[in-house]
Amino acid sequence: MSDYNFKSIESKWQKFWADNKTFESEACGEKEKYYCLVMLPYPSGNLHMGHVRNYSIGDVLARFWRAKGKNVLHPMGWDAFGMPAENAAIQHKIHPGVWTKQNLARMREQLKTLGISYDWSREFATCDPEYYKWNQWFFIKMYEMGLVTRKSSNVNWCNSCATVLANEQADGGICWRCKNEVVQKELEQWFIKITDYADELLSGHQSLSGWPEQVLAMQKNWIGKSYGAEVEFAIAAEPLQADGNEKLTVFTTRPDTLFGVSFMAVSPEHEIIQKLRYQIKNYSEVEKYISSAAKKTALERSASKDKSGIMLEGVFVINPVNGQKVPLFTADYILKGYGTGAIMAVPAHDSRDWEFAKKHNLEIVEVIKGENLDVSKEAYEGEGVMVNSGEFNGLNSKDALAKMSDWVETEGFGKKTVNFKLKDWLVSRQRYWGTPIPMVYCDKCGIVPVNLKDLPVVLPQDVEFTGSGESPLKTSKSFVDTECPKCGAPSRRETDTMDTFVDSSWYFARYTDPHNNELPLDSQKLNYWMPVDQYIGGIEHACMHLIYSRFWHKVMRDLKMTKYDEPFTNLLTQGMVTLGGYAMSKSRGNTVSPDEIVEKYGADTARLFILFAAPPQKQLDWSTEGLEGSFRFINRVWRLFDIINAEPKDTKAQADETKALLRITHQTIKKVSRDIAEEKQLNTAISSIMELVNALYAYKLHGADGGVSKQAYKTALQLLAPFAPHLCEELWQRLGGQGNISTAGWPVYDEALIKTDSVGIPVQINGKLKGKILVSDADTDETVKNIMESDEKLKAALSGKQIVKFIYVKSKIVNVVVK
């Protein structure tokens, strides 16, 4: 047979699959389904090796379960909205849609060149009006459910660009675009009340046994459920009398430390400062501090080690548990959006409060006694015995926590409550390239949603990309000027677009019915395909995309669109691809082009190497030597065809050799099946296939064994096909295999052929490994003991010693205790 010409073979089979629609899913029915999904990519213009790894992992699973007889849904689409396209429009004077579609076409061809078995009939891009129409539909439905609201929020604001910036775009308090200073500004913004589902997002973790524990832990921390109490502190101003009106409410998880409060602090944006401006003696200094805080991002403020603050002179707070007055500060490490925007500070038992108290020379009151610890030198944050706490003195602090939570309710100055770190989802963006928010502002009717029949609200083309930072939608008079959907009066459209995380929060559901023009999807189709059986993507998406998707799916359930609570049954978070120990990046100059690899070695080699080099969940360091090794293996499989089909040199078949080949063949089927289906250890699956190929090379009875080696070769190709599909399709056809290998089914192992007549087991003497012996399933304990005592090496180890205990674990191990 000729040399392995991967270019012609790969293009041949890619055309065959496309022409025959080999990978299009069957209609919903009684057949068992398998939904395999890799997180959809942003069409940046070129695939990188991280993409190749993700999509190759997903393709192995899709091809495996398709071969196992399941109706497989393996779709692909594009997360196509976002800032890069808008920036390209500004820089290159090209419409974002044109830039996006060009990139998308390029990446589609790259994926097809890799031989990924996608159902391309379900492809869509989130920038298609046919898709984002349903973003708007969901937004209006959530508005009707009370889940969408418009309220004020502090944002990073660039005066020069006149736009809101994400925290990542305001690093160091400097605008990433114009390099001018960023300030904090309060704006009216659209929010989705994800907090209404906070409890369920946590409790739902119990059903996600197929998710990595690390992801669940990250989500748990992000949602941040905490139990505690809201406590009211009365405000007092000199001459030190509570005015009876103003109160400061704080949430605390440590009511047991209330007697230790020695100061209070509020965020610079807290409304209490403006209410008390005439009582605050140093208000001009406070005002300067507030202005300084406004120039910092929320991330800078919360992460700063320097806990700055300024006392509100002339204003005090009354501690309700003992009537003592404590000073009130404003401190920029306290954020308005977290909790109540006010904290009670207990320096003796909180390290952050301790540092602040030491810096500002404030009192430190110990209320929990720890062993051999001086709170004047460091905070004590553990459990202990209550002191300086009135009637609770002498109690263990853990017991006091529960009792004091009840006590604050009984006394009437607080209540037990639950708090979450999770905040409502801010979805307003001052950009063009996103889903227009389908709301209208009418002077008569107020805020009115667009009628559903008038969706989609389409992005206009007559916009100017000036780079000023203001939404280009505002430059389109044809877009802004409209009629009120309710009364018909002249009105104006909302010019904010939606956060692009909206696009990726339900795309997996649209794949089940991508061409529906009447509804986002058909519930019958959704309930057939959902939940996704295997979802694949980076762990960096644990706390945004994966939480938003879970939330969105629960909303769809509450809209009676699905009967399932969770969208993803199993989650695999793949490791990154590195070069020289560093993440690949253009700036570092250590990228590897998938196109160059495919051109030189072929798609199957690229796939095989990236799946063999490391377990899917682990980091993979790129290796040219490893790539060449994979190329050599593929050529070994190719050359084996001639060996299998050569005239036999020995016409006398030997039963033992043939039986051994049958055994390793069926062992390999079992091992590879388990590695793919259960363990997701694709690298060890490939290793087992390599061992089978080696066994076929070592076998000397090809053609003289009644077709055993030829069948073993066909089995090896079936096992290898999910990893190197082009090669295996070609060889399967040349071997005269039925149909094409992608639809030929998965081999089945025979347990009887796997069993061996004897097995080697270890022998431990007094807990130390001393040797191995061969035993069979039929051997009794006495027989095994005799075999052990007859072994020369073990006989020496037992010489002069008395066997106290002999334990034989059948076919596993022998443990002996001697003295």
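Buried means under 20% relative accessible area, exposed over 50%, and partly exposed in between. The exercises below apply these classes to salt bridges in a predicted model.

**Exercise 1.** Determine which class, buried or partly exposed, applies to Arg-254 and which to Asp-256.

*Solution.* Step 1: the side chains of Arg-254 and Asp-256 form a salt bridge, with an N to O distance of 2.8 Å. Step 2: Arg-254 has a relative accessibility of 25% and is therefore partly exposed. Step 3: Asp-256 has a relative accessibility of 2%, so this residue is buried.

**Exercise 2.** Locate Asp-513 and Lys-525 relative to the helices, and state what their pairing ties together.

*Solution.* Step 1: a salt bridge joins the side chains of Asp-513 and Lys-525 at 3.2 Å, N to O. Step 2: Asp-513 lies in the loop between helix 14 (507-510) and helix 15 (523-529), whereas Lys-525 belongs to helix 15, so the pair ties together parts that are 12 residues apart in sequence. Step 3: Asp-513 is buried at 7% relative accessible area, while Lys-525 is partly exposed at 35%.

**Exercise 3.** Classify Arg-674 and Glu-679 by accessibility.

*Solution.* Step 1: the two side chains, Arg-674 and Glu-679, meet in a salt bridge of 3.1 Å, N to O. Step 2: the relative accessible area of Arg-674 is 42%, so Arg-674 is partly exposed. Step 3: Glu-679, with 34% relative accessibility, is also partly exposed.

Definitions and conventions
Residues numbered from 1 in each chain as written. Predicted model: local features only at pLDDT ≥ 70, side-chain atom pairs only at ≥ 80, totals over all residues. Heavy atoms only, no water. Salt bridge = Lys/Arg side-chain N within 4 Å of Asp/Glu carboxyl O. Buried < 20%, exposed > 50% of the residue type's maximum accessible area, 1.4 Å probe, protein only. Helix = DSSP H or I, 4+ residues; strand = E, 2+ residues; numbered from the N terminus.
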